Amino acid sequence: MAAAVTIGMSAAIIGSTVASLPPSCVSTVVGTVAYQHCGSTWYQPVYSGTVVQFVVVSPPR
C-alpha cells in the first residue's frame with residue numbers, strides 16, 4: 001500500500017512526480033539534501049539533463 005500525503009483536498013502519493021510546485025513551497029536543506037516543503041508534503045528534486053521534476057518523499061528525519 002502506498003502512503004499518501006494530504007495537499008488541500010487531494011493527496012500526493014509518495015513516489016509520484018510533479019513538474020512544478022505550488023508557490024507556497026519553502027526550500028529546506030536536511031543534511032546535504034535540498035527539499036521543497038509545501039504544507040505537509042515534501043518533495044525532492046530529480047534532474048534529467050536540464051529538466052527538473054519533483055518526487056514526493058516522506059518527511060526527512
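Modeller: Buried means under 20% relative accessible area. This is a predicted model.

Biologist: What share of the 61 residues in the chain is buried?
Modeller: The cut-off for buried is under 20% relative accessible area. The chain has 61 residues, and the buried ones make up 21%.

Biologist: How many helices and how many strands does the chain have?
Modeller: From the N terminus on, the elements run β-β-β-β-β-β-β. The count is 0 helices and 7 strands.

Biologist: What is the order of the strands in the open sheet?
Modeller: Strand E3 pairs with E7 over 2 bridges. E7 also pairs with E6, over 7 bridges. E6 is joined to E5 by 3 bridges, and E5 pairs with E4 over 5 bridges. The pairing is antiparallel, and the order of the 5 strands is E3-E7-E6-E5-E4.

Biologist: Which strands stand at the edges of that sheet?
Modeller: The sheet is open and has 5 strands. An edge strand here has a single partner strand, so one side of it is left without a neighbour in the sheet. The strands at the edges are E3 and E4.

Biologist: Which residue takes a positive phi in the hairpin of E4 and E5?
Modeller: E4 covers residues 26-30, and E5 covers residues 33-38. The hairpin has 2 residues between the strands. The one with a positive phi, near 65°, is Gly31.

Biologist: In the hairpin of E5 and E6, which residue takes a positive phi?
Modeller: E6 spans residues 41-48 and runs antiparallel to E5. Between these strands lie 2 residues. The positive phi, near 65°, belongs to Gly39.

Biologist: What is the phi of Gly49 in the turn between E6 and E7?
Modeller: E7 takes in residues 51-57. Ser48 stands opposite Val51 in E7. The hairpin has 2 residues between its strands, and the phi of Gly49 is positive, about 70°.

Biologist: Which residue in E6 stands opposite His37?
Modeller: His37 lies in E5 and is the bridge partner of Val26. E5 is also joined to E6, by 3 bridges. In E6, the residue opposite His37 is Trp42.

Biologist: What is the angle between the planes of Tyr35 and Trp42?
Modeller: The structure holds 1 aromatic pair. Tyr35 and Trp42 form it, 5.9 Å centre to centre. Both residues are buried. The pair is edge-to-face, and the angle between the planes is 85°.

Biologist: Why is the disulfide of Cys25 and Cys38 right-handed?
Modeller: The structure holds 1 disulfide. Cys25 and Cys38 form the disulfide, with sulfur atoms 1.7 Å apart. Cys25 is in the loop between E3 and E4, while Cys38 is in E5, 13 residues apart. The disulfide is right-handed because the torsion about the S-S bond is about 110°.

Biologist: Which residues make up the largest nonpolar core?
Modeller: In soluble globular proteins, nonpolar side chains tend to be buried together. Cys25 and Cys38 are both buried. The largest nonpolar core has 6 residues: Ala12, Cys25, Cys38, Tyr43, Phe54 and Val56.

Biologist: Which residue in E7 is the bridge partner of Val18?
Modeller: E3 is made of residues 17-18. E3 and E7 pair over 2 bridges. The bridge partner of Val18 in E7 is Phe54.

Biologist: Does Gln36 count as buried or exposed?
Modeller: Gln36 is found in strand E5. Its contacts beyond four places in sequence include Leu21, Cys25, Trp42 and Phe54. Buried requires under 20% relative accessible area. Gln36 has 19% relative accessibility, so Gln36 counts as buried.

Biologist: And Ser24, buried or exposed?
Modeller: Ser24 is found in the loop between E3 and E4. The C-alpha atoms of Ser24 and Gly39 are separated by 7.8 Å. The relative accessibility of Ser24 is 54%, so Ser24 counts as exposed.

Methods:
Residues are numbered from 1 along each chain as its sequence is written. This is a predicted model: local features need pLDDT of at least 70, side-chain atom pairs count only at pLDDT 80 or more; totals for chains, interfaces and linings use all residues. Side-chain values use heavy atoms; hydrogens and water are left out. A nonpolar core is a set of buried Ala, Val, Leu, Ile, Met, Phe, Trp, Tyr and Cys residues joined through side-chain atoms within 4.5 Å. Buried means under 20% relative accessible area, exposed over 50%, partly exposed in between (1.4 Å probe, protein chains only). Helices (H or I, at least four residues) and strands (E, at least two) are DSSP runs, numbered from the N terminus. Contact means heavy atoms within 4.5 Å. Two strands pair if DSSP finds at least two bridges between them. A disulfide is a pair of cysteine sulfur atoms within 2.5 Å. Rings of Phe, Tyr and Trp (its six-membered ring) pair if their centres lie within 6.5 Å; planes under 30 degrees apart count as stacked, over 60 as edge-to-face and the rest as tilted.
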